[in-house]
Amino acid sequence: LLSGMRLFDLTRNLLSKRKTETFSLHQGLFLLWLSISTSHFAVFAKDSTISSSSSSTMMNTGKIHIVFSDVDGTLVHYPSKNTDDPDNIVLLPPSSTGMQGEISHETLRLCRIIRRSPVLSEKEEDDKVEQCTKLVLVTGMRTTTLFQRLPFLPLADAYCSENGGRIFYPVPDDDDDDDDKEDATTIPTDCSFTPPQTSTKYRLVEDLKWRQIISVPNAAGNDGYPSSSVKDQPPLPPIQQRKGTLWKFATSLMNDGWVLDDKGYATCFRIHSKKQPAKVKQQYAQSNGMAEDIIQRCRTQNLQDSLTITVNLGCVDVYPKCSGKRAVCQYLAEQQQPSKLFGSSSSSLLLSRDCLCLCDDDNDLDMALGCRLAFVPTITSESMRKVMEQNKDQIISADRLFSSSNKKEVVQLGTTGATDAILRKVLNLCTNTASSSSSS
């Protein structure tokens, strides 16, 4: 493209020199045609491969401080036919909807190594302090399901459930320094677990500051949260009695006959198409689908600036606008010290500069567009496919990641093999950028 622009400038300059007798109009037109052809070829080449200068720059420059990852459809897969090595697979317990996922031992191993990748950060007086890349799981699943799956998922530095509505940090159960770590910024929970490939037991504490942001009246309110103790848990008030914009909209849907799923959610509710009565199905069949019908109802009540509606695994999720995966990622990245448990860098991080993510579905789009790079092992929704086509240098599927590589690696989307291939690439980026930082 640059060569074409230079040829065009040369052509323009030569055409302006009328005093040059040896230069003809035909020669000028030929150079003009050559410049346009060269420019067109350069643009075509850029669109046909991920090895363009812009994506190469995004791939290879800048330290990677945080890797965000979705869970279902990204780290965990639900294949209709098992094509993976059974000796490399760990089966998860079925979810409340009966779905049973699988994760590979290699996925667990690679995530553990990524968390150990060093990141050099500048401190006062130019002393370099070594930190490690952080791994954060960001999922749309209900909090109760996340708690049940923790013994099967990679150990992370933070876990975000309900499409980013809640943040939890793991604390070693035998940690003697609890007083320094658990303070007024966290709330204890009764959840304890032992991650795979380790013998250390952990328990979770919740980020209080983020909870206060999400539980304001114009968002989720306080009434959907269970008490910190599971023992002698009092029943939550019904949706119709809860305060908060989220539950106000939920009540309006229930009054119109919709069946909602709020079990295990405090900041979100889910709508399953299969559970809706025939009358409701007839209504949204006339509105280009269930999601579009709910979006229109939200607009009718002038709540579009307060609530977000996305599709996840074929269901519709509704949650506050201040929540969402991109918002929670920004909170963790840009806050200098959101929690002593999560740690802090010498300065606030930027999603677009310092973070990568793995994702697959409609509810991941904002997070994918906000991060420097996004890798996709499964294309779960048509909206993800369209956004990928429009942002080829930033959002990259597993099969395309290796299509232009000299190393011919066969990658099948929707498998643990695709996830493992992406994690190997992420690990390579983490170690390469760390090496570049230390050598500089």
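Begin by selecting Arg166 and Glu206, whose side chains form a salt bridge with 2.8 Å between N and O; the term denotes a side-chain nitrogen of Lys or Arg within 4 Å of a carboxyl oxygen of Asp or Glu. The two residues are 40 apart and link distant parts of the chain, Arg166 belonging to strand 8 and Glu206 to strand 10 (residues 202-207). Helices (H or I, at least four residues) and strands (E, at least two) are DSSP runs, numbered from the N terminus. Arg166 is buried at 6% relative accessible area, and Glu206 is buried at 2%. Here buried means under 20% relative accessible area, exposed over 50%, and partly exposed in between (1.4 Å probe, protein chains only).

The model is predicted: local features need pLDDT of at least 70 and side-chain atom pairs count only at pLDDT 80 or more, while totals for chains, interfaces and linings use all residues. Residues are numbered from 1 along each chain as its sequence is written, and side-chain values use heavy atoms, with hydrogens and water left out.

**Lys325 and its partners**

Next, select Lys325, which is buried at 2% relative accessibility. Which residue forms a salt bridge with Lys325 at 2.5 Å between the closest N and O atoms? That partner is Asp364. Lys325 lies in helix 11 and Asp364 in the loop between strand 14 (355-358) and helix 13 (365-370), so this pair ties together parts that are 39 residues apart in sequence. Asp364 has a relative accessible area of 0% and is buried. Shared partners join Asp70, Lys325 and Asp364 into one network of salt bridges.

Asp70 sits in the loop between strand 1 (66-69) and strand 2 (89-91), so its pairing with Lys325 in helix 11 ties together parts 255 residues apart in sequence. The whole count is 17 salt bridges.

Asn163, in the loop between strand 7 (158-161) and strand 8 (166-172), is also in contact with Lys325. Its other contacts beyond four places in sequence include Asp317, Tyr319 and Asn363, where contact means heavy atoms within 4.5 Å. Asn163 is buried, at 0% relative accessibility.

**Aromatic pairs**

The whole structure contains 6 aromatic pairs. Rings of Phe, Tyr and Trp (its six-membered ring) pair if their centres lie within 6.5 Å; planes under 30 degrees apart count as stacked, over 60 as edge-to-face and the rest as tilted. Select Trp210 and Tyr331, a tilted pair with 4.9 Å between centres and 45 degrees between planes. Trp210 is in helix 7 (residues 208-214) and Tyr331 in helix 11 (residues 325-334), so the pair ties together parts 121 residues apart in sequence.

Then move to Trp247 and Phe269, also tilted, at 6.2 Å centre to centre and 35 degrees between the planes. Both Trp247 and Phe269 are buried, each at 0%.
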